[in-house]
Amino acid sequence: MLEFRRRTLLQSAAVAPLAGLLGSSLFPQRAMADDSVLYGELDPQAQRGGSLTVGSLIEPPSMDIYHQAGEAVNFIAVLMYQTLVYADPSGTAHPLLAESWEISPDATTYTFNLRQGVTFHTGEPFEAEDVKYSLDYQRNPENGTIGARDFADIAQVDVLDTHVVRVTLQGPNSAFLITLAHRNASPIPRGWYDRPNARALLNSTSVGTGPFRLAEFQPNSYIRMERNPDYWQPGLPHLDEIIVNFIPNSAGMLVAVRNGRVDMAVLVRPQDALQLEGEEGLTVQRSISLNQKSLDLDCTYGPLTDERVRQAIALLIDRDAVMQAGIAGYGQVLGTMVPGMQDRWGVPLDQLPNQTVDVDLARTLLTEAGHADGFDIDLTTIIGYEWMEPAALALVEQLAAGGIRANINRVDLGTWLSNFRSRQMGFTLNDWGTPPDPNILFYRHFHKQPEGADFRNWNDDIASDLLDRGRAALTFEERRALYDAFQLRLAESVPTVMMFGADHLIVVSNRVKNHRMHPIGWHFGLVKTWLEA
Amino acid sequence: MVRFVARRLAASLVTLILASIVVFAMVRAVPGDIVEQMLGQLGGTEGEATLRRFFGLDQPIYLQYLAWLGGAVQGDLGVSWRLGRPVAGLVTSAFLVSFQLSLLVLVISAVIGVPVGLIVGRRSGGALDSIVQSFNVVALATPVFWIGLMLLFGVSEVFSWSPPTIYVSPFRSVADNLTILLLPILSLAFLQIAAYAQFVRQHVIEALGQEYVRAARARGVPMRRLLMTHVLRNILVPLSTFMGLIFIQILGGVVVIESIFGLPGLGRLLVNALNARDFPVVQGALLAVLVAAITVNLIVDLFYRAIDPRLRT
């Protein structure tokens, strides 16, 4: 049975007009906790107990949440570590470990009143000093943390009281609350990293405040989390235990799901969803994501230096056909925004340039750019990303219509990452996601250096100016207008072609109840999931 | 004998050091490092420098190698960069999984393959021989991963059963352990049974044509006794070499099977460590494979000398 969670789709649709009606305020300048919105809806019929086994194709390299990036860490870590702020599926910030907050009129000072009675898994009480330690450690570039850049605009963190902390920014940052919702901003006990062997210890114990705590991490096999008996939300979580079982290949996963060896699994291959649909005792859930599968163009790489060539490439690509080839249509065609944010932040596709196939115009542009006979170019794919191979084959064919002769160049993730980070990506397929905020989505990737990373060497003054203004803007309308302008610039100049976003495909056993996947793909929903006895 | 072992061990040590240099150089030649893996698309330059210092990656490569070698000769293989756990422990537990699987495959294949080879070798050209030959050709030509996948899907389809996905050590439960290893053993055994049968069959046919066997037969020695005492004894020497080679081959081949069946063995440890650029684990795991290969060769040689007196002089 295939279940498409329309609710998740519609939630984001509902937000845009609402934000308009509320008018002006970008974020609530005062916010009070409403625990019912945290981690999705509560099922009144929920039963307590049981052990849930989740099959996962990916494995976290380590559980050191301050130093280890990656989705494999994110999706598990959110069950053990909590942040001051929770970003709901629509991208709205809600108090989580904060009970409430106040923002100064110039949006540079955030005062958080923290929840009382919360304890870390270590047994220590959660207080303002811990928040200060955690943010100070994370933002100190000397510490080699993954959030150093995210929190670089924090000027200082002050403890005002045992449970009150004030964060002062160097300037307004409209995405600050959503930035705080990332797991790398999770408070940990003060002084944690001063302990000997602190990083290694995080692979055998968790030090967050979350509903589950780490019981066991067997590399190459599984992670076992058990219910935190001191968790602060009454009645939660429902499950006694979650085991994340690392199964390194899709075939093994498929068989394990069918035979009840795992209760739930994230599917990455559309053919697996097709095979499991209609299977007795199983439900394939499909929901919208914040993912994008894009074609990135290094703007200093050979013929791609010429904007007309990049526009021609965009005009040759039939995004829907590439999506059909890559993920059998289990996704959404994109313009310049990820699917889960399209309704709230995206410019409608028919208002963007270079979105529909126009081979004649593409050929004209290539001729103007001096490539009447086309050119040869390497198209890079990453080994292990199964959608890339068929998508690349489709792209090769489509590009050939304009005379562009693309040769597929397959590299391993380590090599690809190394090239990407050193801004030598060439012409490559990419697969990435974002927390639900346009500043976080665009700033690092597309702002010129040194403020942004500008991985694609776009170095675009107009875009960078729009991104700076978008970051500083204080009202939704102002932000929306600026990010609309940015997206038009993105579509016009084509440093990337955001082709499509894959939907989340989760297969669950029918004994798994009230499971909802957050668009970001992290397992927040398991806090309120329960198992039928 | 002691001198022989000492000489072999000294030679092995030189091999190990040379191999470790090659492995070290090859691993470091792979683009990217653990810091890039940790920070992904995030992070800043200052932080990267800090982390590289932390892992000693700021040192020249030869110094990094010497530091590693210095630890290794004292039995300290270092600490996994991604997990912070001692490499020796990680490699040992993974090695035991692969070793147990390989050993079981080696023994089970021999127990089935050698008698089959003896039987069909004795009656080569017969109907049974043709059937076994056909099986051998198919088994030898079929990739192990394909057999593994077919078994996984086939058994699931027919019996609605698949092996548990969380590995249990034999020290905890032999029954659970064997339940998990059943299909992986079968996947690997097809090829090895065929290899044994083919090898033994060939030697039996050759032996049966030898003068001394023909003479024994003329003396009225029963065929059964002839096979067991003369023929089998004579093929023990090449068979022991063959088993050594097969064992190393299986140990190498389990990588694919471990991946299909999700076993936490050496292959999977190596692949994950390489993906994370966790160099100490990669080096430790490869060292374990090398030591295993050298040890098996040494055991084969010793066995060789034990059963063939000519080699003792």
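**Helix packing**

Author: In chain B, helix H10 (residues 223-261) packs against helix H12 (residues 279-307) at an angle of about 170°, and the two axes are 9 Å apart. This is a predicted model, in which local features need pLDDT of at least 70, side-chain atom pairs count only at pLDDT 80 or more, and totals for chains, interfaces and linings use all residues. Residues are numbered from 1 along each chain as its sequence is written, chains are lettered from A and ligands numbered from 1 in the order written, and side-chain values use heavy atoms, without hydrogens and water.

Helices (H or I, at least four residues) and strands (E, at least two) are DSSP runs numbered from the N terminus; axes are lines fitted to C-alpha atoms, for helices over the stretch in contact, with angles from 0 to 180 degrees between N-to-C directions. H10(B) and H12(B) are therefore roughly antiparallel (over 145 degrees; under 35 is roughly parallel, 65 to 115 roughly perpendicular, the rest oblique). On the H10(B) side, the contact (heavy atoms within 4.5 Å) includes B:Leu236, B:Gly244, B:Phe247 and B:Leu251. H12(B) contributes, among others, B:Ala292, B:Asn297, B:Phe303 and B:Ile307. The residues of this contact divide into 12 nonpolar, 4 polar and no charged (nonpolar: Ala, Val, Leu, Ile, Met, Phe, Trp, Tyr, Cys and Pro; charged: Asp, Glu, Lys and Arg; polar: the others, Gly among them).

H12(B) has a further contact, with helix H11 (residues 266-275) of chain B: the axes come within 9 Å and cross at roughly 150°. That angle makes H11(B) roughly antiparallel to H12(B). The crossing of H11(B) with H12(B) is left-handed (the near helix turned anticlockwise from the far one by less than a right angle; clockwise is right-handed). B:Leu266, B:Leu269, B:Leu270, B:Ala273 and B:Leu274 of H11(B) meet B:Val281, B:Val282, B:Ala285, B:Leu286, B:Ala288 and B:Val289 of H12(B). Here the residues divide into 11 nonpolar, no polar and no charged.
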